Amino acid sequence: MDLHLLRLLQNDARTTYRDLAAQVGVAPSTCLDRVTRLRRAGVILGHQLRLDPAKLGRGLEALLSVQVRPHRRELVGPFVDRIRALPESRTVFHLTGPDDYLVHVAVADMADLQRLVLDEFTARREVARVETRLIFQQWDCGPLLPPAHQ
């Protein structure tokens, strides 16, 4: 039943408990209890509103591959905290391989991207290298839980 609820919610997090209950075949109070338990267990991490960066004046998106040297814990924490606090940062990934981080950013234009890279990334002592890739287009992929087989 939990997986069924999660499948329904991941496709539309605004679904009412009454509608969820009807689709799963339980009482709305049971549905509420199950979803509350999934939230408390950390399975449901939240509900996010998705915004269009271009319509908010940030029509240029890029991926920044970043090498941090030396790659030590005392530098990693403050670096990640700073990058996450930047309003341009959308997502930060800690990686294996030649690059330590991949940062998805949204900026107004090329001049804004250049400012961000120079002032917020390469100006930091621990940043050894930044490689920038512009994003032409992106697509969302399917939900985490595949639909149930019928």
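This report describes selected features of a predicted protein model, from its helices and strands to its salt bridges.

The structure is a predicted model, in which local features need pLDDT of at least 70 and side-chain atom pairs count only at pLDDT 80 or more, while totals for chains, interfaces and linings use all residues. Residues are numbered from 1 along each chain as its sequence is written, and side-chain values use heavy atoms, with hydrogens and water left out.

An unreviewed UniProt entry lists residues 1–59 as "domain: HTH asnC-type". UniProt positions are given here in the numbering of this report, feature names are shortened, and annotations may be inferred rather than shown by experiment. In the model, this span is 53% helix and 0% strand, and its end C-alpha atoms lie 41 Å apart. Helices (H or I, at least four residues) and strands (E, at least two) are DSSP runs, numbered from the N terminus.

Two packed helices are described by the angle between their axes and the distance between the axes. Helix α1 covers residues 2–11 and helix α2 covers residues 17–24; their axes come within 10 Å and cross at roughly 130°. That angle makes α1 oblique to α2. Axes here are lines fitted to C-alpha atoms, for helices over the stretch in contact, and angles run from 0 to 180 degrees between N-to-C directions. Angles under 35 degrees count as roughly parallel, over 145 as roughly antiparallel, 65 to 115 as roughly perpendicular, and the rest as oblique. The crossing of α1 and α2 is right-handed; a crossing is right-handed if the near helix is turned clockwise from the far one by less than a right angle, and left-handed if anticlockwise.

Leu-32 belongs to helix α3, which spans residues 28–40. With a relative accessibility of 36%, Leu-32 is partly exposed. The terms for accessibility are buried (under 20% relative accessible area), exposed (over 50%) and partly exposed (in between), with a 1.4 Å probe and protein chains only. Leu-32 and Ala-21 are 11 residues apart in sequence, and their C-alpha atoms are 8.6 Å apart in space.

## Strands and a cis peptide bond

Pro-70 lies in the loop between β1 (60–68) and α4. The peptide bond that joins Arg-69 and Pro-70 is cis, with omega about -10°.

Val-92 is part of strand β2, and Val-103 is part of strand β3. These two valines are 11 residues apart in sequence and 4.6 Å apart in space, C-alpha to C-alpha. Val-103 is buried, at 0% relative accessibility, whereas Val-92 is partly exposed, at 25%. Val-103 can also be compared with Arg-73: the two are 30 residues apart in sequence and 18 Å apart in space, C-alpha to C-alpha.

## Salt bridges

Side chains of opposite charge can pair when their charged atoms come close. A salt bridge is counted where a side-chain nitrogen of Lys or Arg is within 4 Å of a carboxyl oxygen of Asp or Glu. The whole structure contains 14 salt bridges. The table presents three of them.

| Salt bridge | N to O distance |
|---|---|
| Arg-82 and Glu-120 | 2.7 Å |
| Arg-129 and Asp-99 | 2.3 Å |
| Arg-124 and Glu-126 | 2.8 Å |

The salt bridge between Arg-82 and Glu-120 links distant parts of the chain: Arg-82 is in helix α4 (residues 73–85) and Glu-120 is in helix α5 (residues 110–121), 38 residues apart. Arg-82 is partly exposed, at 33%, and Glu-120 is buried, at 17% relative accessibility.

In the salt bridge between Arg-129 and Asp-99, Arg-129 lies in strand β4 (residues 127–134) and Asp-99 in the loop between β2 (89–94) and β3 (101–107), so the pair ties together parts that are 30 residues apart in sequence. Arg-129 is partly exposed, at 28%, while Asp-99 is buried, at 12%. Both residues belong to a network of salt bridges that links Asp-99, Arg-129, Glu-131 and Arg-133.

For the remaining pair in the table, Arg-124 is partly exposed, at 23% relative accessibility, and Glu-126 is buried, at 9%.

## Cysteines

A disulfide is a pair of cysteine sulfur atoms within 2.5 Å, and by this rule the count is zero. Cys-31 is buried, at 0% relative accessibility, whereas Cys-141 is exposed, with a relative accessible area of 71%.
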